[in-house]
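User: I am new to this structure. Please walk me through it in short questions and answers.

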Amino acid sequence: YLQQIAQHRVVCGGHVYGPKPQKNNLLLHWKAGTRRESKPARERKIRPHRHFMTGNFCIERTLILTIGFDKSLKGYGHEDSLLGFELQKRGIHVEHFDNPLLHTGLTEAPEYLDKTRQAMKNLAQIHQNNTEARKFASTVAVLKTALILQSMRCMWLTTGLLNAFSRKMERNLLGSNPNLRILDLYKLGLLCKNLP
């Protein structure tokens, strides 16, 4: 970090997850983390602001004091998406390098789903309160998809699927072989429910 911050105002080291956990109730977080979040620097550099995460980063003090975190957001989720977007808006480069933090604090599946629900509420709130909502949406895949469905007047289909199959989806996600595509649909349905 000392070497990187001398050349860049914002740097991210990334993170990795350990081996597959023995407990089934930790598999959802581990699977989502290893397959969706944990990426080498060469991949994160392709879309540096989209891959910005606050779990392992260093930022110039004056910069974070200027931008700050949105204090209106309650609970868990998407504070880093918003901060990454604010950096992008200001034309501030985010440098990614391989200095991963080992993520050892896996969340049990019921709590992980609670955090997912809160994250989708936060994401809807960010979208509603953001004066550049369309630009922000282009940085978060699930929001971009929800807005496409909204423009096609098809959000009812996604919320209907969630209402009809949420118990089955949750059973899978809480089980011994959670399917990440089901997690994606679950998030999309939750987000569509929370958008106006």
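Analyst: Helices are DSSP runs of H or I with at least four residues, numbered from the N terminus. The model is predicted.

User: Which residue with a positive phi follows α5?

Analyst: α5 covers residues 79-89. The residue that follows α5 and has a positive phi, near 70°, is G91.

User: Is α5 largely enclosed or left open by the rest of the structure?

Analyst: Buried means under 20% relative accessible area. The buried residues of α5 are D80, S81, L82, L83, G84, F85, E86 and L87. That is eight of its eleven residues, so α5 is largely enclosed.

User: What covers the buried residues of α5?

Analyst: Strands and helices both take part. The cover includes β1, β3 and β4, along with the helices α4 (61-67), α6 and α7 (133-137).

User: In what order do the three strands of the open sheet lie?

Analyst: The pairing in this sheet is mixed. β3 (57-59) and β4 (94-96) each have a single partner strand, so they stand at the edges and one side of each is left without a neighbour in the sheet. Neighbouring strands are turned by 15° against each other on average, direction ignored. The order is β3-β1-β4.

User: Which residue is the bridge partner of C12 in β4?

Analyst: Strand β1 takes in residues 10-12. Three bridges join β1 to β4, and the two run parallel. In β4, the partner of C12 is H96.

User: How much space lies in the largest pocket?

Analyst: The space in the largest pocket comes to about 1,400 Å³.

User: Which residues lining the largest pocket are closest to its centre?

Analyst: The lining has 41 residues. By class, 16 are nonpolar, 14 polar and eleven charged. Elements that each supply at least two of the lining residues include β2 (15-17), α2 (27-37) and α10 (180-194). Closest to the centre are R36, E37, M53, H78 and K187.

User: Where is H78 found, and is it buried or exposed?

Analyst: Most residues other than glycine have a negative phi. Phi of H78 is near 70°, a positive value in a residue other than glycine. H78 is found in the loop between α4 and α5. Its relative accessibility is 16%, so H78 counts as buried.

User: Is R153 buried or exposed?

Analyst: R153 also has a positive phi, of about 55°, although it is not a glycine. Its place is in the loop between α8 and α9 (155-174). Exposed means over 50% relative accessible area. R153 has 70% relative accessibility, so it counts as exposed.

User: Which residues does T159 contact, leaving aside its neighbours within four places in sequence?

Analyst: T159 sits in helix α9. T159 is buried, with a relative accessible area of 16%. With those sequence neighbours left aside, its contacts are G189, C192 and K193.

User: How much space lies in the largest cavity?

Analyst: A search of the whole structure finds one cavity of 30 Å³ or more. Of the 13 residues that line the largest cavity, G14, H15, R44, H51 and M53 are closest to its centre. By class, the lining has three nonpolar, seven polar and three charged residues. The space in the largest cavity is about 80 Å³.

Technical notes: Residues are numbered from 1 along each chain as its sequence is written. This is a predicted model: local features need pLDDT of at least 70, side-chain atom pairs count only at pLDDT 80 or more; totals for chains, interfaces and linings use all residues. Side-chain values use heavy atoms; hydrogens and water are left out. On a 1 Å grid over the protein atoms alone, a cavity is a set of points where a 1.4 Å probe fits but cannot get out, and a pocket is an open set with protein on both sides within 12 Å along at least five of seven lines; lining residues have an atom within 4 Å of a point. Grid points are joined across faces, edges and corners, and a volume is the space filled by probe spheres set on the points. Ala, Val, Leu, Ile, Met, Phe, Trp, Tyr, Cys and Pro count as nonpolar, Asp, Glu, Lys and Arg as charged, and the others, Gly among them, as polar. Two strands pair if DSSP finds at least two bridges between them. Axes are lines fitted to C-alpha atoms, for helices over the stretch in contact, and angles run from 0 to 180 degrees between N-to-C directions. Buried means under 20% relative accessible area, exposed over 50%, partly exposed in between (1.4 Å probe, protein chains only). Contact means heavy atoms within 4.5 Å.
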